[in-house]
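Visitor: I have a structure to go through with you. Can you put it up and talk me through it?

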Amino acid sequence: MADPARSGISPGVAAFVSGAISVLLTVAGTLVSLRNEATREQLFGMLSWVMYATGAATFLVLLWIISTTLRQRLELLRSLRDIDVHVSRQLRVRRRTDRLEVSSDGSGDYVVELEVEADRDVAVAWLAFPIFSSARVDAPPWQSVRVRRLMIDGREFDVQQSYLRRSRAFVEGALFKGLVMEEGVIRIPVSLEKGKSKRQIKLEIDLNRSMPALFTEESHSIDISYITDEIDVYVTGDEGLEIFPSPRATHLVEASQNRGEHGDAQESIQQSSTCRHRDGIHWRSKSTKLGYRYEIRFVGRRQVTGDPVSG
């Protein structure tokens, strides 16, 4: 018999299967015996017992599957919580640069460069980079973000398991009817051992039709979940597309706290004062910040006519 550990079967599942087989063999032998010697009443009673036992076993299997799924979900939530703890307490972003180039079909080429630093007396295994995207309700879920490349200090890392799904929710407001927001995090193995205090990180991300409302109003969200000293954000259009601030936005840069729940008008005014919109949108901030979410709302216009296009 194959070793359960090598075959990918957990010991608990292997024991359950082995026990089930033993029970079935016992039941089969008993049924054969009853067929030869017992009355119809005894056979009927035995079949009823088998049905009850099968129902109980099925219930236990379903219960085990549900408990396993819940445990995995809790472990994922715990790991995401630990990510936030590591990021906010042990790391500092000295400089961050976001470059989002938007295409006419609502896709985007998103490049992020981070210069991170940690105290020399602590070891930090990894950090997380929050990322948001929107998609149409009828589109396949979790297809709007693809991590194309991750480089740390010039060395390329595997990105297949780097994106973690966090939440998927409908977007409020008439402008965003029929859209759903997908939020996730990208795990970055910074591997900062004691004595190694800095890393240079470069992320390249494909946003697949993640801005379906481009010609109505879209936004680029930036979560500051760790201390950040300087940030530059560029939102531009590719050939034939111009990007302008949304005329519906109250501020060029909308600031909020508690993951977007509480708006901060004063912070919005302060950060909007350093936002420029010539050849796209450029926001620069040199004030240290933590715990804020910033949104840059924009609209796309084709250069041919200069007029907004719907659909």
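Guide: First a term: a contact means heavy atoms within 4.5 Å. With that, among contacts in the protein between residues at least 6 apart in sequence, 73% join residues at least 24 apart.

Visitor: What kind of model is it, and how are things numbered?

Guide: It is a predicted model, where local features need pLDDT of at least 70, side-chain atom pairs count only at pLDDT 80 or more, and totals for chains, interfaces and linings use all residues. Residues are numbered from 1 along each chain as its sequence is written, and side-chain values use heavy atoms, with hydrogens and water left out.

Visitor: How many helices and strands?

Guide: Four helices and 17 strands. These are DSSP runs, numbered from the N terminus: helices are H or I with at least four residues, strands are E with at least two.

Visitor: What share is buried?

Guide: Of the 311 residues, 36% count as buried. Buried means under 20% relative accessible area, exposed over 50%, partly exposed in between (1.4 Å probe, protein chains only).

Visitor: Which residues have the most contacts inside the largest nonpolar core?

Guide: Val102, Phe129, Ile186, Ile188, Ile201, Leu203 and Trp283, in a core of 48 residues. Strand S2 (residues 108-118) gives the largest share, five residues. Such a core is a set of buried Ala, Val, Leu, Ile, Met, Phe, Trp, Tyr and Cys residues joined through side-chain atoms within 4.5 Å.

Visitor: What does Leu203 touch?

Guide: Leaving out residues up to four places away in sequence, its partners include Phe129, Ile186 and Ile188. Tyr110, Val111 and Val112 are also among them.

Visitor: New topic. Is Arg293 buried or exposed?

Guide: Arg293 counts as buried because its relative accessible area is 13%. It is found in strand S17 (residues 292-302).

Visitor: Which side chain does Arg293 join in a polar contact?

Guide: That of Asp223, at 2.6 Å. A polar contact is a pair of N or O atoms within 3.5 Å; within protein, one must be able to donate a hydrogen and the other to accept it, and residues adjacent in sequence count only if both atoms are side-chain atoms.

Visitor: Why does Asp279 count as exposed?

Guide: Because its relative accessible area is 73%. Arg209 is exposed too, at 51%.
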